[in-house]
Amino acid sequence: METLLEVKDLHVTFSTYGGTVKAVRGVYFHLNKGETLAIVGESGCGKSVTSQAIMRLIPEPPGKIIKGEVIFKGKDLASYTEKQMRSIRGVDISMIFQDPMTALNPTLTIGTQLMEGLREHQAVSAEEAKIKALEMMHLVGIPNPKERLKQYPHQFSGGMRQRIVIAMALICEPELLIADEPTTALDVTIQAQILELFGHIQATTGVSIILITHDLGVVAKIADRIAVMYAGKIIETGTKYDIFYDAQHPYTKGLLKSVPRLDLKEERLTPIDGTPPDLFSPPRGCPFTPRCPLAMEVCDKVYPVTTERSRSHQVDCWLQDERAQQLLARTANQ
Ligand SMILES: Nc1ncnc2c1ncn2[C@@H]1O[C@H](COP(=O)(O)OP(=O)(O)OP(=O)(O)O)[C@@H](O)[C@H]1O
Ligand code: SF4
Ligand SMILES: [Mg+2]
């Protein structure tokens, strides 16, 4: 499989009056061509900052990419100038944000906005742009596209607006689409429709997708691989099957317990007790220690080494260490 994007040792900080927030603390992951990677984790764990860093959209100051590489098609975007990045954004990599209203201009018709996006980056005639805009409206499932092109954002429902935003993101045929909580503002039925739409788009266009969400339930259907993030680090990565059927990290297991399951009649959701650590002075060791039911002495002292359970499945947890397994076995026998 061909790698499209590889993020290596990414560190991002924000300087505030209260001190320096270490928002992203050495993130590694990769994305293959044509796949969907979900980045999952609780609020504040650094999902949005990671995606903004890939797009080089971190507000500087107060933000700063301290360290790291963002290798996209063999080139390190972290070293690109703003001018070079402008030729990448919206063309090679597109991003969809949580609130579809902020991405649309209320004073312009949907058609104008779709066509503007295309004409800004490609030398196409007005007629060609219109054809492409109609094609995109069709792709994202908007009925009567010819009529709808002439309308304004407020004439669309929330779900339809999000479809337009997705059409705008795709009009230049990017190779990578980053969707940051694209369904959070929508009601549950519409959420499901938009997620299905992502699957359809991927099958039709072959675009690679990074889907960011705090809800593991959302990714079950459409993700190929899942990266679980906690306190600025990716603590477990695997295929959807690795994560749903063979999760190893206590945090991932906790997240799974808080996902509603359709196959169980009675829903018993157990949220994870406690709160994530303060990112002004994150712990040296495993940041999950205070909340972890299986924490050992080593945990808050040294950050766990990454264990490769298989080629697809990696975990940062001391429980993967053989010696911890022996210790657990001894305690169980006592
Ligand atoms: N502009 C900023 N100034 C200061 N701190 C920031 C800024 N942007 C993000 N942060 C901090 O960086 C950390 C990571 O934030 P981020 O937005 O990436 O979280 P997230 O995982 O996307 O959460 P959510 O699920 O709520 O969207 C948080 O502690 C946040 O407060
Ligand atoms: S390293 Fe220790 S504290 Fe962290 S998740 Fe594993 S067992 Fe729990
Ligand atoms: Mg976010």
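Analyst: Leaving aside neighbours within four places in sequence, Gln-314 is in contact with Glu-236, Thr-237, Thr-306, Thr-307, Glu-308 and Arg-309. Contact means that C-beta atoms, placed from the backbone, lie within 7 Å. This is a predicted model: local features need pLDDT of at least 70, side-chain atom pairs count only at pLDDT 80 or more, and totals for chains, interfaces and linings use all residues. Residues are numbered from 1 along each chain as its sequence is written, with chains lettered from A and ligands numbered from 1 in the order in which they are written.

User: Is Gln-314 buried or exposed?

Analyst: Gln-314 is buried, because 22 other C-beta atoms lie within 10 Å. Buried takes 20 or more within 10 Å, exposed 12 or fewer, and partly exposed falls in between.

User: Which strand holds Gln-314?

Analyst: Strand β12, residues 314-316. Strands are DSSP runs of E, at least two residues; helices are H or I, at least four; both are numbered from the N terminus.

User: Which residue is the bridge partner of Gln-314?

Analyst: Thr-237. Strand β10 (residues 233-239) and β12 run antiparallel, joined by 2 bridges. Pairing needs at least two DSSP bridges between the strands.

User: Zoom out. What is the strand order in the open sheet?

Analyst: β6-β7-β8-β3-β9-β10-β12-β11, 8 strands with mixed pairing. β6 (93-96) and β11 (306-308) stand at the edges with a single partner strand each, so one side of each has no neighbour in the sheet.

User: How about β9, what covers its faces? Which residues are buried on each side?

Analyst: Arg-225, Ala-227 and Met-229 are buried on one side, and Ile-226, Val-228 and Tyr-230 on the other. With 6 of the 6 residues buried, β9 (residues 225-230) is largely enclosed by the rest of the structure.

User: And which strands pair with β9?

Analyst: β3 (residues 36-40) runs parallel to β9, with 4 bridges. Val-40 stands opposite Val-228 there. β10 pairs with β9 in the antiparallel sense over 6 bridges. Ala-227 faces Thr-237 in that pair.

User: What about the turn between β9 and β10?

Analyst: That hairpin has 2 residues between the strands, and Ala-231 takes a positive phi near 45°. Ala-231 lies 17 Å from Gln-314, C-alpha to C-alpha, and 83 residues away in sequence.

User: Switching to ligand 2. How many residues surround it?

Analyst: 14, with Cys-286, Cys-292, Ala-295, Cys-299 and Cys-317 the closest. A residue counts if its C-beta atom, placed from the backbone, lies within 6 Å of the molecule.

Terms used
Two residues are in contact if their C-beta atoms, placed from the backbone, lie within 7 Å.
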